[in-house]
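Hi,

Here is the structure I promised to pass on. Have a look at it first, and then read my notes below.

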Amino acid sequence: MELIRVPYPTKYAFLNCNIIPTPFIHILNRLFVVQVDTAEGLKTILLSPSDVEANAETPYFKRITNKAGPAKDLLKKFIAPQSNTVNGCLDQLGLAPEDIDFISYDHLHTQDLRQWLGDADNPGLFPNARLLVMKDEWQSAKALLPPQIDWYCPNGLAGVPEDKVIQLDGDVMIGDGLALIRTPGHTAGNHSFVAHTPQGLKVTSENGVGPDCYAPEKSRIPGLKKYAQQTGVEVILNGNTLEGGIDQYISMVVEKTIAGNHPVYQDFPNLANSSELTGYWGFPGYKPTVTYGDLHFGALTKK
């Protein structure tokens, strides 16, 4: 479900492919609501539930809007139009906060978890939810180095109860329908989600910003195909904090291998990117070759 569209530097979205005339592209941040039957009963998982207002405090994005001075609120509406909130999405689905069993993110860039899980002063919105996170990501996000700070929400993890956090050492399955696959590189503790759907295995992460980055040889974005032909690369990295570029490259190849071909767009893998490249009139000069849009499979079960 669509949450918000935000500007993102072209130089990071298409790492080493500085071929688009505009310095920014637009990416669409989504919320994924997944239900899985398990041996312990039905589990409801929120993937990438972003607290849009709190996340705006991320230093990189805050600097962009602060440059507008008194007009920064108008700038936000122009460059970051908001479609929905996590609460609004749940209301639309008829889900209550206590229905949520787990939340998870492929990595913790820009995320503030306090609204969902609580802190020392306030209870979280989701009383029964726990965070699923790779141990490397949790430990890294709590001891940031200067090159990482720009992309993490200040105090976004502060005071979150440790008993609300499940630190993972590697790949895990939730029932037979959802897998969390360790895919390091973009961050040390990055992981990807693999959901079993009627359209095959859907894979989501932010290692790449859209289908074009997983099949650049098929892309119509200016220069991506040429760059792939010149260098032989088969994926284009999302590289704002390049913690492990070679690992990230391998991880993206793993993702598209697991996904296989999209059932409709056969030239591209069966992905559902958590932050997907979209066209935007305010940032001309590019247009994604394909976009997958919102997805809906099966029937929601209300507890």
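**What I found**

Ser-48 is buried, because its relative accessible area is 7% (buried means under 20% relative accessible area, exposed over 50% and partly exposed in between, with a 1.4 Å probe and protein chains only). Before I go on, some housekeeping: this is a predicted model, in which local features need pLDDT of at least 70 and side-chain atom pairs count only at pLDDT 80 or more, while totals for chains, interfaces and linings use all residues. Residues are numbered from 1 along each chain as its sequence is written, and side-chain values use heavy atoms, with hydrogens and water left out.

Back to Ser-48. Its phi is positive, about 60 degrees, although it is not a glycine. You'll find Ser-48 in the loop between strand 4 and helix 2 (52–55). (Helices, H or I with at least four residues, and strands, E with at least two, are DSSP runs numbered from the N terminus.)

Thr-110 also has a positive phi without being a glycine, at about 65 degrees. Thr-110 sits in the loop between strand 5 and helix 6 (114–117). It counts as buried because its relative accessibility is 17%.

How many residues of strand 4 are buried? For strand 4 (residues 41–47) the count is 5 of 7, so that strand is mostly covered. On one side, strand 4 runs antiparallel to strand 3 (residues 32–38), with 7 bridges joining them. A hairpin of 2 residues links strand 3 to strand 4, and Phe-32 stands opposite Leu-47 in strand 4.

Strand 4 also pairs with strand 5 (residues 102–104), this time in the parallel sense over 3 bridges. Here Leu-46 stands opposite Ile-103, and Leu-47 has Ser-104 as its bridge partner. As a general point, side chains in a regular strand alternate between the two faces of the sheet.

**A nonpolar patch**

On the surface, Leu-201, Ile-246, Ile-250, Val-254 and Ile-258 form a nonpolar patch with about 410 Å² of accessible area together. Patches are made of residues with over 30% relative accessible area and no salt bridge, joining like charges within 9 Å and nonpolar side chains (Val, Leu, Ile, Met, Phe, Trp, Tyr) within 5 Å. The areas come from the Shrake-Rupley method with a 1.4 Å probe, and for residues only the protein chains shown count as cover. A salt bridge is a side-chain nitrogen of Lys or Arg within 4 Å of a carboxyl oxygen of Asp or Glu.

Helix 11 (residues 245–259) gives the largest share of the patch, 4 residues. Ile-246 lies in that helix and counts as exposed because its relative accessibility is 65%.

**And Pro-211**

Pro-211 lies in helix 9 (residues 211–214) and is buried, with a relative accessible area of 2%. Leaving out residues up to four places away in sequence, Pro-211 touches Phe-268, Asn-273, Glu-276, Val-290 and Tyr-292 (contact means heavy atoms within 4.5 Å).

Cheers

Key: Two strands pair if DSSP finds at least two bridges between them.
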